[in-house]
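Visitor: Please put the sequence and the structure up, and then we can go through them one question at a time.

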Amino acid sequence: MCGICGYLAKDDFGEKEKLLNEMGESIVHRGPDDVGFFYEKPVGFCHRRLSILDLSNKGHQPMNYMDRYVLVFNGEIYNYLELRKELIKEGYSFETNTDTEVILAAYDFWGTECLKKFNGMWAFSLWDKKNKQLFCARDRFGVKPFYYHVNKQRFLFGSEIKALLCDKTIERIANENIVYDYLTQGLIEHTNETFFKGIYKLPAGYFMIVDAELDIRMERFYSIAFNTKTKADLHPKDTEYFRRVFEDSVKLRLRADVPVGSCLSGGLDSSSIVCCIDKILRNSKKKREQHTFSFCSEDKRIDERKYMNAVSKETNTISHQIFSTENDLKEELEDLVYYQDEPFSSTGMYASYCVYKDAKKNKIKVLLDGQGADEILCGYRKSRIYYIKKLIKEKHVIAAIIELFGSLSQVKNTMFLQNDILKVKKILSKKKIEIKNEFLDQRFVKKAKGFDDSRRDDFQYNDLFVVSLPALLRYADRNSMACSIESRLPFLDYRFVEFCASLPIGNKIYHGWSKYIMRKALNMPEIIRKRKDKIGFATPEDVWLKKEEEYFKSIFQEEEVFSAAFVDIRKLLDNWSEILVNKNGAGLFRFICLELWMRKFNVKANV
């Protein structure tokens with residue numbers, strides 16, 4: 001796990017060493033253990049290393065291979081040992097025990113098809129000296145980030161946007177369409193554009209080849225189709241295969257030469273991971289402790305300690321429970337905005353950030369986390385509404401009624417009822433719901449173009465590749481790397497995802513139970529297995545914003561408000577208290593986060 005950055009220049013430029021040094025320094029948190037550079041006209045690479053596998057100097061990057069290829073790589077190829085054996089049989093030899101060298105040999109042997117052989121998470125740039133081209137790739141689901149900017153002089157890339165901003169020729173202009181989607185719908189990461197105009201991300205499951213003339217060829221190497229059937233019977237062979245692949249995924253992600261721990265929220269996903277790790281460790285000859293890290297709250301609406309404690313008791317883990325206050329949020333929010341690079345939707349990101357900070361304090365370098373389970377197993381509350389709508393459309397009325405009544409207990413327990421009602425209206429409506437923009441500047445509203453959600457009926461694909469998982473992956477990557485920690489996601493093993501995608505929806509949602517096959521297949525305490533409410537990494541956001549009302553309002557009362565071109569500041573301030581009373585804290589926080597982001601990165605509006 002590391003940070004990468006670099007350039008491919010059409011013409012030589014005088015300050016290339018200075019630029020690359022600054023780019024590397026900007027992402028030092030991603031790799032504090034080592035730094036490496038490569039210069040050979042027309043390419044420059046910088047690599048910041050976080051040592052996880054093969055802690056020796058042999059893992060140093062940029063890595064040269066066969067006097068032809070040079071690679072900077074961020075991520076982990078979990079099946080590198082198996083691929084290494086396969087490549088040795090083909091005549092390749094290896095000088096290191098790293099997955100980095102395996103990537104290089106795999107590319108030499110299979111070409112771009114090597115990406116289909118990898119099981120892991122990755123973002124890398126590989127310079128081919130012979131063909132004078134840059135091969136850049138991002139993993140199937142976009143766990144690892146890859147940003148780029150191209151102009152007439154050079155192609156720049158980096159693990160984080162802040163690295164690209166070291167090039168002073170890049171203007172810091174807000175992307176008004178992305179800002180509009182964010183303020184009106186809470187969307188981020190839903191296109192290949194970013195909040196910065198002219199800075200893009202390589203989409204998940206894509207590679208691109210950049211030649212010496214800076215011409216780019218982009219190609220998708222991975223996609224997935226979901227089974228949309230409703231009625232199904234859950235067979236024992238399905239639950240057995242589900243369990244076996246999941247356990248193998250967790251086992252692969254325990255490969256490390258440093259301490260490994262887990263995030264634990266008390267929900268099905270993280271609890272399943274912790275219980276699976278416990279089973280693996282018990283069967284292992286090596287005795288290893290398992291540390292769990294949890295964000296906790298005294299607010300009874302989101303207090304999940306009874307579930308966390310049940311898991312810890314059953315697995316005998318070393319539990320770390322972290323509490324924070326509204327003052328902590330106020331003190332650290334600007335830092336969080338800096339590390340995230342772009343605005344985020346709620347203070348739930350702060351909860352995650354606190355967890356990783358505590359793991360760092362306890363010298364844990366790798367944490368397993370549960371991102372992806374909701375997307376591939378229909379775990380969201382909205383998934384039930386889509387499912388019921390589909391049942392009605394297919395005239396399975398009795399089944400729809402059973403699902404509706406079975407789901408009421410979950411809706412009843414949620415603290416996000418108002419947001420849920422809005423989602424239900426949007427999903428059930430035959431017309432496109434008009435987006436409220438009462439606090440936006442009207443010139444901005446007339447100019448901006450909102451996101452086309454015409455694919456909303458394909459909700460499983462949408463959640464995995466568009467509206468849900470991409471945002472969660474960005475949050476997890478930035479929060480973990482801000483603390484120099486590697487985040488690993490067992491639910492996103494491509495074998496496991498493909499199996500879950502092949503299952504009918506009826507095996508995932510059944511009689512009001514979400515993630516039905518998971519509840520049947522995996523080990524967890526019964527109190528967890530029978531949960532219907534869903535919270536996740538939540539904070540008492542409405543309470544925090546109310547307690548620090550004067551501070552957050554003051555952000556918009558200064559002489560210069562950066563977001564004034566997007567937001568009707570006077571109207572927002574006049575209605576501030578009413579917004580809080582109506583418990584629309586999420587919408588209010590977006591305005592706050594946007595303003596802090598524009599300040600932190602000195603972003604201008606061009607509306």
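Guide: Rings of Phe, Tyr and Trp (its six-membered ring) form an aromatic pair if their centres lie within 6.5 Å; planes under 30 degrees apart make the pair stacked, over 60 edge-to-face, and the rest tilted. The model is predicted: local features need pLDDT of at least 70 and side-chain atom pairs pLDDT 80 or more, while totals for chains, interfaces and linings use all residues. Residues are numbered from 1 along each chain as its sequence is written, and side-chain values use heavy atoms, without hydrogens and water.

Visitor: How many aromatic pairs does the count come to?

Guide: One aromatic cluster includes Tyr-182, Phe-195, Trp-544 and Phe-601. By the ring rule, the count of aromatic pairs comes to 40.

Visitor: Is the pair of Phe-491 and Phe-496 stacked or tilted?

Guide: Take Tyr-148 and Phe-155 for reference: their ring centres are 5.8 Å apart with 25° between the planes, and this pair is stacked. The rings of Phe-491 and Phe-496 have centres 5.9 Å apart and planes at 55°, so this pair is tilted.

Visitor: Is Glu-25 buried or exposed?

Guide: Buried means under 20% relative accessible area, exposed over 50%, and partly exposed in between (1.4 Å probe, protein chains only). Phe-491 has 0%, so it is buried. Glu-25 has 52% relative accessibility, and therefore it counts as exposed.

Visitor: In which helix is Glu-25 found?

Guide: Helices (H or I, at least four residues) and strands (E, at least two) are DSSP runs, numbered from the N terminus. Glu-25 lies 8.3 Å from Ala-163, C-alpha to C-alpha, although the two are 138 residues apart in sequence. The run of residues 16–26 that holds Glu-25 is helix H1.

Visitor: How many of the residues of H16 are buried?

Guide: Helix H16 is largely enclosed by the rest of the structure. Of the nine residues of H16, the number buried is eight.

Visitor: Which element gives the largest share of the lining of the second largest pocket?

Guide: On a 1 Å grid over the protein atoms alone, a cavity is a set of points where a 1.4 Å probe fits but cannot get out, and a pocket is an open set with protein on both sides within 12 Å along at least five of seven lines; lining residues have an atom within 4 Å of a point. The second largest pocket has 27 lining residues, and Glu-189, Thr-191, Pro-203, Ala-204 and Phe-465 are the closest to its centre. Helices H16 and H17 each give two or more residues to this lining. The largest share, five residues, comes from H17.
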